[in-house]
Amino acid sequence: MSQAAPTSMAPTAFKLSGLCLALGAAAAGVYVAASDTMLAAAVFVLVGLGSGVAILYGMRLYRPVPAWPWACLSAACGAFVGGAVLRGWVQDSAGTSSLLGDSFTIPGYVLMFLGLGGFLASRTGARKHALIDGLLVAVGAGLVFTLLLAVPAASIGGRPPVVSALAGIYPMLDSVLVLLVLNLAFSTARRGPAYYLLMCCMALMLTGDVAYAVIGTTGELTGSPLLDLPFLLGFCAVAAGALHPSMVDLGGRADLPVQAWSVPRLLLIAPALAAPFVLAVLIRQPSLVDRAVLATGGLLVVALLLIRAVSAVQGYVAAQHQYEYQATHDPLTGLANRALWFAQVRSMLAQPAPPGVHVWVFFLDLDGFKLVNDSRGHGAGDEVISEVARRLSACVPPGAAIARVGGDEFALACQARHDEAIEVAEEVLRTLRQTLRMPTLNVAISASIGIATSANMAGGATAEDLLRDADTAMYQAKAAGRDTWVIFDPVMRERVRERIETDLALREALETHQFELAFQPIVRLSTGRPVGAEALIRWLHPERGMVLPTSFIPVAEESGLIIDIGRWVIHAALRQLAQWREAGTVDHGFSMSINVSARQLHDPRLPADLGAALAQYRVPPSVVTVELTESVMIDATSGADQVMNNLRELGVQLVVDDFGTGFSALGYLRKYPVTGVKIDRSFVAGLGSNTEDEAIVRAVVAMSTALHLGVVAEGVHDERQRDVLEALGVRYGQGWLWGRPATADAFETMVAPTITA
Ligand code: C2E
Ligand code: MG
Ligand code: MG
């Protein structure tokens with residue numbers, strides 16, 4: 001049965017547990033009514049054995065982990081029944097029957113201790129304070145049992161000493177029972193019906209034992225059969241507990257921390273503490289044994305209280321340390337967190353430094369970490385971060401402050417001269433460049449470092465300023481090709497400000513319709529006739545005039561606004577194409593190319609959005625071409641490959657833009673469902689004069705033919721380039737030779753005569 005079984009079985013389980021209690025109550029009724037007859041004895045045996053079986057059934061039903069403590073409790077039921085039967089049936093005066101009974105009952109206790117101990121041991125949550133409190137109560141109870149019950153019972157003469165000794169042992173066993181039960185009670189934070197039923201069983205057993213012990217002080221070894229009633233009820237309680245789904249919680253770990261101090265706990269401990277004093281008063285003429293027992297008990301209580309107090313203080317201090325550590329450190333790497341690091345840098349800034357020495361702050365961001373995280377999983381990502389943290393800690397100069405300030409971002413700070421600081425950056429880069437060999441993977445990684453120094457700040461540089469500037473410089477290091485360092489320059493701050501402003505302005509542009517599409521024809525080289533158009537976005541800024549995409553698309557990419565802008569482009573381009581198709585401006589094979597940036601290709605909603613737009617404007621997917629950049633295919637692991645596949649399934653064409661400028665690899669073209677390539681204009685520019693460019697174009701054509709991909713050449717300026725392209729086997733072109741990107745109206749006049757011709 002699975003873990004979920006208890007919940008799904010809950011109704012039956014409640015019925016089972018309740019049924020067991022009802023049967024137990026009925027049996028108890030019969031037992032009392034038929035007191036002292038064979039029927040009563042039979043009922044007792046039946047209930048005892050039945051409980052043992054019920055526990056086994058409960059184990060089968062709920063599969064508790066661990067199961068063996070329950071098995072012990074089941075066996076204990078059997079042993080107790082055996083003891084009771086032998087004690088009742090073999091009657092004699094010398095107490096041999098009692099001895100026979102003990103030979104079952106005492107192992108029964110041991111089994112029960114094992115069971116309860118098993119529950120305790122399987123709880124890692126069992127705490128020292130719970131053990132001490134249990135011991136305190138056990139000592140108190142032990143004192144009461146020993147002085148009031150065991151000592152008098154053991155000192156009764158006229159029977160074999162072993163019988164007297166054994167009669168005195170039961171109260172001691174009960175002390176152990178008290179200890180275990182209280183420990184169980186103090187170390188659990190989850191108390192279900194099974195817990196309460198088990199506690200009920202233990203309380204009943206204790207009552208039964210105390211009753212026997214009280215009779216035992218008079219020299220009796222057996223009494224009224226009604227004395228066994230608590231045991232009978234105890235059997236029923238433990239069986240009902242085992243049949244309840246919450247029985248699995250007994251050996252389970254507590255989810256919540258257990259309170260070391262609580263009112264119920266104090267109420268339980270207080271009488272135990274008072275026991276030695278109360279007993280000292282109660283026992284009128286204490287014997288030497290009584291005094292020795294009292295003194296030992298009293299000393300034990302005091303010692304336990306001392307240990308309790310000391311361990312409470314230790315625990316508090318440890319918790320305080322732990323809390324402070326957690327509040328100031330990164331849990332994954334153990335490095336300082338931002339708050340602690342700022343404090344460290346502040347104290348560095350406050351320290352007087354020799355001339356030429358300043359505080360240097362390094363902001364470090366791993367290159368390509370996202371790729372590792374996305375492709376190998378977060379576990380691998382965590383491994384990389386931990387290893388990087390270890391290496392950093394090992395290679396920074398002594399006294400440097402080092403922190404993890406973000407997912408794959410670290411901050412270092414130290415006091416150094418200019419050349420020393422540069423050496424630190426170089427050393428960090430060198431250390432990280434070495435392949436990270438970890439148990440589960442090997443990863444090549446590098447970092448980009450931005451550096452800021454208090455030397456460049458007139459007057460009070462703050463730790464926050466330094467980190468912010470180093471962060472800004474880090475972006476420059478990324479832009480400069482990664483795996484390098486860049487020192488902050490105030491001009492960079494200006495650039496960041498511009499970016500933020502551009503982002504805000506772009507949001508406004510989207511809302512106030514400042515975007516427009518320009519269209520540039522794509523022609524068949526042999527005829528010069530347009531077969532399609534590329535939609536190119538323009539930003540008509542109210543003050544700056546027309547802004548070209550190269551200056552705002554990267555900003556929109558970074559902020560994520562490109563998703564909304566891209567959606568606008570799709571709609572505007574398809575709406576225009578639909579209009580032209582309807583008006584007959586273009587024929588039905590005329591296609592529209594739409595540029596899609598990397599960020600858009602990571603958006604899983606793109607295919608559905610495009611599909612909806614196609615349906616809305618009733619444009620067949622075959623006349624729409626999505627232009628993507630090569631870089632997308634390099635890290636297509638993060639879902640972009642799925643988006644590409646979905647786009648292809650939609651039926652649109654997929655073309656690699658600016659082909660040849662990125663990491664052009666044949667493998668990518670085969671791996672992803674692209675339908676064509678657009679040769680970058682840098683290769684077209686040299687055609688007719690540069691033989692290398694010619695060779696490249698020839699290779700691209702050969703490769704595309706082999707892979708059945710279409711080829712378009714971009715940036716064609718003159719007839720010579722066109723002729724070379726045609727001679728090399730390229731069939732389509734785009735460029736100023738045939739027309740610059742133009743407004744929709746201008747485009748219509750540009751293509752109308754040729755297309756209808
Ligand atoms: P692209 O997709 O490679 O677009 C071609 C670029 O080359 C256009 O620049 C176009 O005006 C220019 N061009 C066309 N013919 C010639 C020529 O004969 N000579 C020269 N020198 N240039 C030519 P534009 O419009 O400034 O676009 C630049 C880039 O911005 C585009 O490169 C494209 O990557 C991106 N872009 C444009 N519109 C969008 C858009 O709607 N969404 C996205 N995500 N990116 C866009
Ligand atoms: Mg393009
Ligand atoms: Mg291009």
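**Note on the paired magnesium site and its surroundings**

1. The magnesium ion (ligand 2) and the magnesium ion (ligand 3) are 4.2 Å apart, with Asp-657 coordinating both. This is a predicted model, in which local features need pLDDT of at least 70 and side-chain atom pairs count only at pLDDT 80 or more, whereas totals for chains, interfaces and linings use all residues; side-chain values use heavy atoms, with hydrogens and water left out. Residues are numbered from 1 along each chain as its sequence is written, while chains are lettered from A and ligands numbered from 1 in the order in which they are written.

2. Donors here are N, O and S atoms within 2.8 Å of the metal (3.2 Å for Na, K and Ca), and since water is not among the atoms, sites may look incomplete. Asn-595 belongs to strand β11 (residues 591–595) and Glu-627 to strand β12 (residues 624–629), so the pair ties together parts that are 32 residues apart in sequence. Helices (H or I, at least four residues) and strands (E, at least two) are DSSP runs, numbered from the N terminus.

3. How do the coordinating residues differ in exposure? Buried means under 20% relative accessible area, exposed over 50%, and partly exposed in between (1.4 Å probe, protein chains only). Glu-627, at 2% relative accessibility, counts as buried, and Asp-657 is buried with a relative accessible area of 7%. Asn-595 counts as partly exposed at 28% relative accessibility, and Asp-658 counts as partly exposed at 26%.

4. Strand β11, which carries Asn-595, is mostly covered, four of its five residues being buried. Four bridges join it to strand β9 (residues 530–541), the two running parallel, and Gly-532 has Ser-591 of β11 as its bridge partner. Four bridges also join β11 to β12, again in parallel, with Thr-625 in β12 as the bridge partner of Ser-593. Two strands are taken to pair if DSSP finds at least two bridges between them.

5. Ser-597 has its place in the loop between β11 and α20 (598–601), and at 11% relative accessibility Ser-597 counts as buried. Leaving aside neighbours within four places in sequence, Ser-597 is in contact (heavy atoms within 4.5 Å) with Glu-557 and Ile-562.

6. The protein is divided into domain 1 (7–313), domain 2 (338–488) and domain 3 (500–756), with bounds that come from an automatic or database domain assignment. The C-alpha centres of domain 2 and domain 3 lie 40 Å apart.

7. An open sheet is formed by five strands in the order β2-β3-β1-β6-β7, with mixed pairing. At its edges stand β2 (401–404) and β7 (485–487), each with a single partner strand, so one side of each is left without a neighbour in the sheet. The twist averages 20 degrees from one strand to the next. Helix α16 (residues 463–479) packs on the sheet, where it touches β1, β3, β6 (446–453) and β7, and its direction makes about 140 degrees with that of β6. Axes are lines fitted to C-alpha atoms, for helices over the stretch in contact, and angles run from 0 to 180 degrees between N-to-C directions. Four bridges join β2 to strand β3 (residues 409–416) in an antiparallel arrangement, and Phe-410 in β3 is the bridge partner of Arg-404.

8. In helix α13 (residues 369–376) the buried residues are Phe-369, Val-372 and Asn-373. They cover an arc of only 95 degrees around the axis, which puts them on the same side of α13; the arc is that of the directions from the helix axis to the C-beta atoms. Their cover includes β1 (358–367), α14 (378–395) and β5 (442–443). Just after α13, Gly-377 takes a positive phi of about 95 degrees.

9. Asp-228 lies in the loop between α8 (193–216) and α9 (229–242), and at 16% relative accessibility Asp-228 counts as buried. Apart from neighbours within four places in sequence, Asp-228 is in contact with Tyr-31, Phe-44 and Tyr-212.
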